[in-house]
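This report describes one protein model. It begins with a helix pair and then turns to a sheet, a core and one further residue.

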Amino acid sequence: MENDDMFSKKLLGLKSTLPALIVADHFNQRPDMARSYSEYQKENFLSDIGWIISFLAESVWAREPVLFEEFIFWLKTFLISVGVPAKDLEESLRLLKARINEACSADENNVVNAFLGKAISQVMADDLKTSLAAMDNTLIPLAQDYLDCMLKGERNLALSMVLDKVEAGFPMKDLYLQVFQPVQYELGRLWQTNRISVAQEHYCTAATQLVMSQLYPYLFTGKRHERKMVAACAPGELHELGARMVSDFFEMEGWNTYYLGANMPVNGIINFLGVIKPALLAISVTMTVNLRTVAEMISQIRATPEIPAGMKILAGDYPFRVANDLWQRIGADGWAVNAQEAVDLAGRLISGT
Ligand code: B12
């Protein structure tokens with residue numbers, strides 16, 4: 001369908017009316033539920049329906065049903081951990097489908113029903129999320145010790161554990177990709193399944209950023225060359241560790257790097273790229289709902305004469321791991337699953353091999 005963009009915006013517009021209608025539909029069908037929900041739970045219920053519509057709209061825009069399925073899988077796990085059964089989510093999706101079908105044309109419903117139908121049929125399937133202990137990685141014992149220290153609030157112990165390894169010649173890249181990264185993923189899983197609090201996740205993430213900054217003297221030791229790269233997160237994106245790791249890997253390979261961090265405004269990045277004129281831009285997008293903004297940002301970047309026309313743009317993080325062709329939809333030159341693959345791909349793109 002050519003009008004995915006307009007239809008996606010129409011779906012987003014329904015966020016102002018549908019959540020209240022769907023919650024009312026639920027409560028009409030299930031008076032027991034209506035009685036047992038507190039005001040706070042009702043607010044969360046409304047907000048969850050809003051999130052479902054946002055992810056649906058963004059997945060329709062991206063033409064990637066798998067993004068919506070993955071989100072529903074994620075939401076199911078989260079809701080179960082706070083006592084909401086998967087059956088209730090399935091019901092919400094059915095009610096959402098009925099309400100959207102009332103509000104949209106036959107053509108639009110053909111599109112949206114394909115997205116919703118698949119998610120509804122899979123919502124009761126088993127969750128496949130991998131725990132840290134089950135990950136395929138030889139450094140898991142070290143990662144587990146590091147995580148245990150962090151969760152006990154023993155940041156300094158975690159730091160000295162890492163510094164000891166580095167002093168002993170342990171490869172820095174392995175620490176990044178086989179300790180910090182899986183530990184961060186595990187934190188997400190523990191938070192999503194209600195086993196750790198938001199505060200614990202924030203503490204551990206901040207502590208790992210501190211540990212990474214202590215490693216900088218060991219990082220910038222290699223041979224330097226003239227290539228420049230800029231790494232930034234999409235506007236609205238608060239997940240910054242991935243972009244920082246990517247930037248550090250380029251630095252380790254001798255690039256001059258400019259890491260701009262979270263939530264980078266479009267005008268700000270355009271001006272910066274016009275001044276720095278890098279060979280490469282790495283954009284990190286973790287939340288699916290930020291995808292369209294990044295696509296708009298890339299098209300503005302490409303239309304700015306001060307920015308070198310040959311500058312390559314790489315994209316990465318969560319939605320790209322779920323939908324491997326998504327980089328094309330946002331107008332990037334490629335994507336990579338992790339920091340090492342990002343450096344390798346950049347080398348290939350720039351040398352034209
Ligand atoms: C820490 C964290 C946060 C922190 C981030 C703080 C910070 N300073 O960065 C805070 C508290 C802000 C946060 C907020 C939220 N978070 Co959060 N968060 C995480 C967590 C636990 C870790 C992220 C991380 O540090 N990863 C480590 C890095 C190294 O890995 P990475 O990002 O994948 O990066 C690697 C590759 O992807 C790749 N890469 C990354 N960027 C790029 C770019 C390019 C160009 C390339 C080529 C490659 C590349 O290379 C990197 C290095 O190898 C994840 C769990 C997870 N599984 O990721 C959840 C997670 C991403 N968050 C999640 C959620 C839901 C949220 C919130 C909506 C929660 C809420 N209700 O408020 C908000 C949204 C905030 C926003 N608007 O952006 C969900 C997302 C679920 C989904 N289906 O989308 C996750 C998966 C947690 C979970 N399991 O439920 N979060």
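Two residues are in contact, or touch, if their C-beta atoms, placed from the backbone, lie within 7 Å. Helices (H or I, at least four residues) and strands (E, at least two) are DSSP runs, numbered from the N terminus. The model is predicted: local features need pLDDT of at least 70, side-chain atom pairs count only at pLDDT 80 or more, and totals for chains, interfaces and linings use all residues. Residues are numbered from 1 along each chain as its sequence is written.

**A helix pair**

In α10, the residues F180, Q184, L187 and W191 meet V198, E201, C204, T205, T208 and M212 of α11. By class, this contact has 6 nonpolar, 3 polar and 1 charged residues. Here Ala, Val, Leu, Ile, Met, Phe, Trp, Tyr, Cys and Pro count as nonpolar, Asp, Glu, Lys and Arg as charged, and the others, Gly among them, as polar.

Helix α10 covers residues 172–192 and helix α11 residues 198–214; they pack at an angle of about 170°, with their axes 10 Å apart. Axes are lines fitted to C-alpha atoms, for helices over the stretch in contact, and angles run from 0 to 180 degrees between N-to-C directions. The two helices α10 and α11 are therefore roughly antiparallel to each other, a label for angles over 145 degrees.

**The sheet**

Five strands form an open sheet: its 5 strands have the order β2-β1-β3-β4-β5, with parallel pairing. Two strands pair if DSSP finds at least two bridges between them. The edge strands, β2 (256–261) and β5 (334–335), each pair on one side only.

| Strand pair | Bridges | Residues standing opposite |
|---|---|---|
| β1 and β2 | 5 bridges | M229 and T257 |
| β1 and β3 | 5 bridges | M229 and L280 |
| β3 and β4 | 5 bridges | L280 and K312 |

How many residues of β3 are buried? A residue is buried if 20 or more other C-beta atoms lie within 10 Å of its own, exposed if 12 or fewer, and partly exposed in between. In β3 (residues 280–284), 5 of the 5 residues are buried, so this strand is largely enclosed by the rest of the structure. L280, A282 and S284 point one way from β3, while L281 and I283 point the other way. In a regular strand the side chains alternate between the two faces of the sheet. Strand β4 is mostly covered, with 4 of its 5 residues buried.

**The nonpolar core**

A nonpolar core is a set of buried Ala, Val, Leu, Ile, Met, Phe, Trp, Tyr and Cys residues joined through C-beta atoms within 7 Å. The largest one has 91 residues, of which A282, L314 and A315 touch the most other members. Helix α4 (residues 39–62) gives the most to this core, with 10 residues. Leaving out residues up to four places away in sequence, A315 touches I283, V285, F320, W327, I330, A332 and W335.

**L345**

L345 is found in helix α18 (residues 339–351). With 19 C-beta neighbours inside 10 Å, L345 counts as partly exposed. Not counting residues up to four places away in sequence, L345 touches L314, G334 and A336. L345 and D333 are 12 residues apart in sequence and 9.9 Å apart in space, C-alpha to C-alpha.

Methods:
Angles under 35 degrees count as roughly parallel, over 145 as roughly antiparallel, 65 to 115 as roughly perpendicular and the rest as oblique.
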